[in-house]
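This briefing concerns one protein model and is arranged by topic. Please keep the sequence and the structure in view while reading.

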Amino acid sequence: MNTDRLWSVVDSQYAAVADLLSSLTPEEWRRPSLCTQWTVREVAAHLTLQHMGPGAFLSRVPIVLRARGNLNRALRDMAVVQARSRSDDELVARLRASIGSRRPNLGVTRYETLTDILVHSQDIAIPLGRDLPVPPDAAAAAATRMMTMHWPRPFPIKQTLQRYSLSATDTAWHLGAGPAIEGPMRALLLLVCGRLVALDDLTGAGVPSLRAV
């Protein structure tokens with residue numbers, strides 16, 4: 001995926017999730033997301049932190065240190081602080097302000113920025129029964145990155161999925177060999193990012209055995 005196309009998708013996804021959040025009730029903001037122990041509000045707050053400059057990152061170093069090397073804990077703690085310190089409208093405004101940024105966070109590439117917005121927008125939308133379309137070519141680029149990356153540390157499910165054949169039905173994307181798992185690229189991206197709810201939208205001989213893992 002070329003750079004211009006990637007950032008164009010990031011921008012459109014930020015706009016879509018901001019529009020969705022603007023329509024939520026207070027109760028919906030408090031709902032659990034697909035991220036274990038994260039609310040919709042906390043996921044939204046996390047997304048507002050995807051284009052931090054050096055100064056903003058340095059101000060959060062104490063949170064990282066308190067996490068003692070646990071990246072997932074540090075990310076959640078930062079999201080919780082952001083969620084508690086901003087109103088609904090401020091979080092939405094910060095998401096809209098991210099549109100047009102071409103700066104990934106320190107230590108990651110633009111593909112992690114793409115993956116974050118594609119997956120976390122679904123973490124918000126799916127539990128709320130909302131549909132946010134995902135461009136298959138962008139989901140394919142993100143899934144390829146997730147299955148081939150070494151840093152940041154990939155999702156634990158990567159090792160398991162390397163024993164399967166993953167194929168998209170809506171774009172030219174295939175990875176691996178073994179029992180078949182196939183379906184929409186959006187569902188495959190969610191799967192490689194550890195969201196097993198995606199299995200409901202996938203078919204193939206590998207699905208039953210993966211459910212049993």
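Contact means heavy atoms within 4.5 Å. Helices (H or I, at least four residues) and strands (E, at least two) are DSSP runs, numbered from the N terminus. The model is predicted: local features need pLDDT of at least 70, side-chain atom pairs count only at pLDDT 80 or more, and totals for chains, interfaces and linings use all residues. Residues are numbered from 1 along each chain as its sequence is written, and side-chain values use heavy atoms, with hydrogens and water left out.

**Helix packing**
- Helix 8 (residues 110–125) packs against helix 11 at an angle of about 95°, and their axes are 10 Å apart; axes are lines fitted to C-alpha atoms, for helices over the stretch in contact, and angles run from 0 to 180 degrees between N-to-C directions.
- Helix 8 is therefore roughly perpendicular to helix 11, a term that covers angles of 65 to 115 degrees.
- On the helix 8 side L118, V119 and Q122 take part, meeting R186, L189 and L190 of helix 11.
- The residues of this contact divide into 4 nonpolar, 1 polar and 1 charged (Ala, Val, Leu, Ile, Met, Phe, Trp, Tyr, Cys and Pro count as nonpolar, Asp, Glu, Lys and Arg as charged, and the others, Gly among them, as polar).

- An open sheet of mixed pairing is formed by 3 strands in the order 2-1-3; two strands pair if DSSP finds at least two bridges between them.
- Strand 2 (174–175) and strand 3 (180–183) are at the edges, each with a single partner strand, so one side of each has no neighbour in the sheet.
- Strand 1 (residues 165–168) pairs with strand 3 in the parallel sense over 4 bridges, and S167 has E182 in strand 3 as its bridge partner.
- Helix 11 lies across strand 1 and strand 3, at about 145° to strand 1.

**Second largest pocket**
- A pocket is an open set of points on a 1 Å grid over the protein atoms alone, where a 1.4 Å probe fits, with protein on both sides within 12 Å along at least five of seven lines; lining residues have an atom within 4 Å of a point.
- The lining has 13 residues, and Q122, I126, R186, L190 and D201 lie nearest the centre of the pocket.
- Helix 11 (residues 185–192) supplies the largest share of the lining, 3 residues.
- The lining divides into 7 nonpolar, 1 polar and 5 charged residues.

**Backbone in loops**
- W151 and P152 are joined by a cis peptide bond with omega of about -5°; P152 lies in the loop between helix 9 (136–148) and helix 10 (157–161).
- Q37, a residue other than glycine, has a positive phi near 70°.

Notes: Parallel < 35°, antiparallel > 145°, perpendicular 65-115°, else oblique.
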